[in-house]
Amino acid sequence: MGKVTGFLEIDRQEQKYQPAADRVRHFREFTLPLTDPEVQRQAARCMDCGIPYCHGPQGCPVDNQIPDWNDLVYSGDWENAAFDLHSTNNFPEFTGRICPAPCEEACTLNLEDVPVAIKTVEQAIADKAWANGWVRPQPPTHHTGRKVAVIGAGSAGLAAAQQLARVGHTVHVYEREPKAGGLLRYGIPDFKMEKHHIERRVRQMEAEGVTFHFGANIGVSTTMQELIDGHDAVLIACGAEKPRDPGLPGMELSGVHYAMPFLVQQNRRIGGEPIHEAPILAGGKHVVVIGGGDTASDCIGTSFRQGALRVTQLDIRPMPPLKEDKLTVWPYWPTKFRTSSSQAEGAEREFSAATLGVVGKNGRATHVQCSRVDEKRAPIPGTEFLIKADLVLIAIGFTGPAEGTYLEELSGLERDRRGNVAATMTDYKTNIDKVFAAGDVRRGQSLVVWAIKEGRQAARSIDEYLMGSSTLPR
């Protein structure tokens, strides 16, 4: 695929970023796209590797046919590349921006640390498809007379709704928030993905027959039983919203918050939505972010853009190696030292650091108390230290769907040991008749690309349940 000798002749090239001093002044996307010839040269590096792990289970959850569309881009056939890309991924402009790209880690050329710039090529194809009008509504050619409800307009819910509408089902999406997107809209900052990408997908889906009901809080405005009774199938795709509780002393102090309310508020400001809670702002403050994942990184970038004086990130894990042992872990996702664009904007990072508690004065947080940890992540006596903190953001993940919701209405609904809705990837059926589950509400917190995959597979399962067979892909 690509140019046979391209990987020998062409160096790897990725999108560049605006300088940190410039990009922290705004919340817009800051990547600098490559030119079309540059993208084609990168696609040409895709070698005929025999077993393309990039689109196997190790590399791409949605099974993107990466060598195929790399070859099409190299040949200048961008339109067919876009068609191929959309055949496996409903929203490549989302994943091309925010996916961590396990496909590149699984690339054969990554054995030499120069994988094909797959994510860069994917975004370029998706953006060109929109710019040239190749992304159009695909309304069904017939209607089945079946009615499906989708709870949640996040990645899984949107993917499932689009697939189901295209095969002729009447699809109603019920979303608690005023707009679609779920974490794509309210959790992921605009500097990683601007929200107009979501809006045009909503318009496309509406033209395909999907009906959106915003501000529809199931369990409050409508009972779950009413939803089941009024539809032939119901898909639960409400995500994992319950934050993991660190159980820290001082959590009650003013200035201590979970990450999501902080991120959601900023996204609402940019989107022109009202904020009904007390504002959480980092401007002029010493910020401490507890956690080492993507959400923590989003908190760092948002804090800098709000004008934080200093941002420190605490990670209980030891500093990972700068380079992985390829022969041990390839083609799987390796543990190695990575620096996100937000961390590169000036964050101070503390590894092997346990958070012992938040210290305050007059009811307000002033410091975070920490200590070093041993190989079992246990605090080492005598290594305690304090970090000044006016704002403490806790970003240590989620434990499952929110509690006290419509899920409790479903008497006997089976959950797994983590509290997620129990359903398999074989058929996505719950133990309640007509009710299916997909995305983070089923698998736990995960990547957007996995949510899209589960939404697509759940749509096929629902179609088979309703019609006896399905033409939708898995």
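**Stop 1: a side chain in a loop**

Select Asn-110: its side chain reaches the backbone oxygen of Glu-105 at 3.0 Å. That's a polar contact, meaning a pair of N or O atoms within 3.5 Å; within protein, one must be able to donate a hydrogen and the other to accept it, and residues adjacent in sequence count only if both atoms are side-chain atoms.

A quick word on the ground rules. This is a predicted model, where local features need pLDDT of at least 70 and side-chain atom pairs count only at pLDDT 80 or more, while totals for chains, interfaces and linings use all residues. Residues are numbered from 1 along each chain as its sequence is written, and side-chain values use heavy atoms, with hydrogens and water left out.

Asn-110 sits in the loop between α7 (102-106) and α8 (118-131). Helices (H or I, at least four residues) and strands (E, at least two) are DSSP runs, numbered from the N terminus. Is Asn-110 buried or exposed? It counts as buried because its relative accessibility is 5%; buried means under 20% relative accessible area, exposed over 50%, partly exposed in between (1.4 Å probe, protein chains only).

**Stop 2: into the core**

Now jump to Val-173, in strand β4 (residues 170-175). Val-173 is buried, at a relative accessible area of 0%. Leaving aside neighbours within four places in sequence, Val-173 is in contact (heavy atoms within 4.5 Å) with residues including Val-150, Ala-161 and Phe-212.

Val-173 is also among the residues with the most contacts inside the largest nonpolar core, which has 43 residues. Such a core is a set of buried Ala, Val, Leu, Ile, Met, Phe, Trp, Tyr and Cys residues joined through side-chain atoms within 4.5 Å. Which helix gives the most to this core? Colour α17: it gives eight residues.

**Stop 3: the open sheet**

Next, show the five strands in the order β8-β15-β9-β10-β11, an open sheet with parallel pairing. Two strands pair if DSSP finds at least two bridges between them. At the edges, β8 (256-258) and β11 (348-350) each pair on one side only.

Zoom in on β8 and β15 (residues 391-394), which pair over three bridges. Here His-257 stands opposite Leu-393. Finally, select helix α13 (residues 259-271), which packs on the sheet and touches β8 and β15.

How values were computed. Axes are lines fitted to C-alpha atoms, for helices over the stretch in contact, and angles run from 0 to 180 degrees between N-to-C directions.
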